[in-house]
Amino acid sequence: MAIRALPDHIISRIAAGEVIERPASAVKELVENALDAGARRIAISLSSGGKALIRVADDGAGIAADDLPLAVQRHATSKLDDEDDLVSIGTLGFRGEALASIGSVARLRIATRTPGAAHALAIGVSGGAVGAVEPAARDTGTTVEVRDLFHAVPARLKFLRSDRAETSAVADQIRRLALAAPGVHFHLESEGRTLIDLPAETGANGLSRRIVAVLGSDLDGNMVPVERAREGFALSGHVSLPTHHRATGRDLYLVVNGRPVRDKLLLGALRAAYQDVLTRERFPVAVLFIDCEPGLVDVNVHPAKAEVRFQNPGLVRA
Ligand code: ADP
Ligand code: MG
């Protein structure tokens with residue numbers, strides 16, 4: 001077969017294969033967008049584990065009329081200006097792929113309103129085809145609805161698990177994001193039933209209250225604050241006392257420059273720190289924030305942005 005450049009909708013569908021693996025990954029992208037838009041309250045609703053419907057509504061900045069058709073285009077983003085920005089990313093998103101990817105494998109509808117706009121606007125995308133911008137009704141903010149995820153990709157549909165399992169993966173994702181952003185109200189419902197309701201936490205003990213609300217009241221009084229800075233890196237958050245531990249490493253949460261990550265280097269360092277006080281079969285609980293100059297960490301190493309790479313891993317480990 002001769003070589004030819006792929007049409008856009010196929011490129012988007014290939015990208016979707018990496019970025020959108022299951023309902024929880026779509027939820028992650030949509031909630032990250034809401035956080036990037038400065039939302040104070042994010043409400044997520046699911047039907048059939050997110051396979052039939054995912055709805056994410058926020059009270060963030062909204063999308064301007066002219067930008068709305070661009071928002072659903074591949075590699076279109078308001079978060080990067082030029083190449084220099086790529087080494088100093090301050091937002092959760094930057095690849096401009098999520099909405100286009102979702103639109104290529106599902107029926108997507110966005111309703112949005114910017115502050116001061118006369119009314120809201122909506123746009124739809126189905127199987128990669130973008131519809132016209134139409135007037136809609138809602139307050140300032142954005143609602144994204146994703147219906148029939150993977151209806152266009154039956155092969156992927158077969159890999160999805162039960163509604164229950166997909167719902168629980170979404171809930172895990174929300175907990176992870178909620179720990180990283182304690183100042184934001186998160187609400188998750190499935191089939192009209194509230195599963196998670198985490199009011200915004202502020203003030204000095206905001207993070208501890210969010211940790212107890214998300215990870216369990218057994219942690220109340222069993223976590224200690226951590227605060228250290230060294231050579232451009234600031235470490236803060238809470239870790240469990242050596243007398244309080246878990247059977248799995250599930251409750252180890254790491255947030256690098258506001259981004260929840262699973263990082264082997266950091267997880268290894270955390271376990272090493274406890275090795276003299278915990279047996280190998282037991283795990284601490286930790287919610288740790290690492291903040292540094294964006295240039296010291298590369299976040300563009302993973303399509304779903306779940307991993308990062310530090311310029312100086314030895315220093316970070318220490
Ligand atoms: P990225 O987040 O990498 O820029 P996305 O495809 O996720 O790419 O979103 C494309 C653009 O749409 C964003 O850059 C942003 O300008 C806009 N956008 C998406 N979701 C929202 C939202 N909830 N509120 C405001 N703007 C949004
Ligand atoms: Mg995004």
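Predicted model: local features only at pLDDT ≥ 70, side-chain atom pairs only at ≥ 80, totals over all residues.
**Around ligand 1**

Start with the ligand. It has 19 residues around it, and the closest are Asn33, Thr77, Ser78, Lys79 and Gly96. Sorted by class, that shell holds eight nonpolar, seven polar and four charged residues. Two helices, H2 (23-36) and H4 (98-105), each put at least two residues into the shell.

| Residue | Part of the residue | Distance to an oxygen atom of ligand 1 |
|---|---|---|
| Thr77 | N or O atom in the side chain | 2.5 Å |
| Asn33 | polar side-chain atom | 2.8 Å |
| Leu99 | polar backbone atom | 2.9 Å |

**Where H6 meets H7**

Now for the helix pair. H6 spans residues 163-180 and H7 spans residues 206-215; their axes come within 9 Å and cross at roughly 170°. Angles over 145 degrees count as roughly antiparallel, and H6 and H7 are therefore roughly antiparallel to each other.

Which residues make the contact? From H6 come Arg175, Ala178 and Leu179, and they meet Leu207, Arg210, Ile211, Val214 and Leu215 of H7. By class, this contact has six nonpolar residues, two charged ones and no polar ones. Arg175 in H6 and Arg210 in H7 are both among the residues that meet here, and Arg counts as charged.

Conventions: Residues numbered from 1 in each chain as written. Chains lettered and ligands numbered in written order. Heavy atoms only, no water. Near = heavy atom within 4 Å. Polar contact = N/O pair within 3.5 Å; in protein donor to acceptor, adjacent residues only side chain to side chain. Helix = DSSP H or I, 4+ residues; strand = E, 2+ residues; numbered from the N terminus. Axes fitted to C-alpha atoms, helices over the stretch in contact; angles between N-to-C directions. Parallel < 35°, antiparallel > 145°, perpendicular 65-115°, else oblique. Contact = heavy atoms within 4.5 Å.
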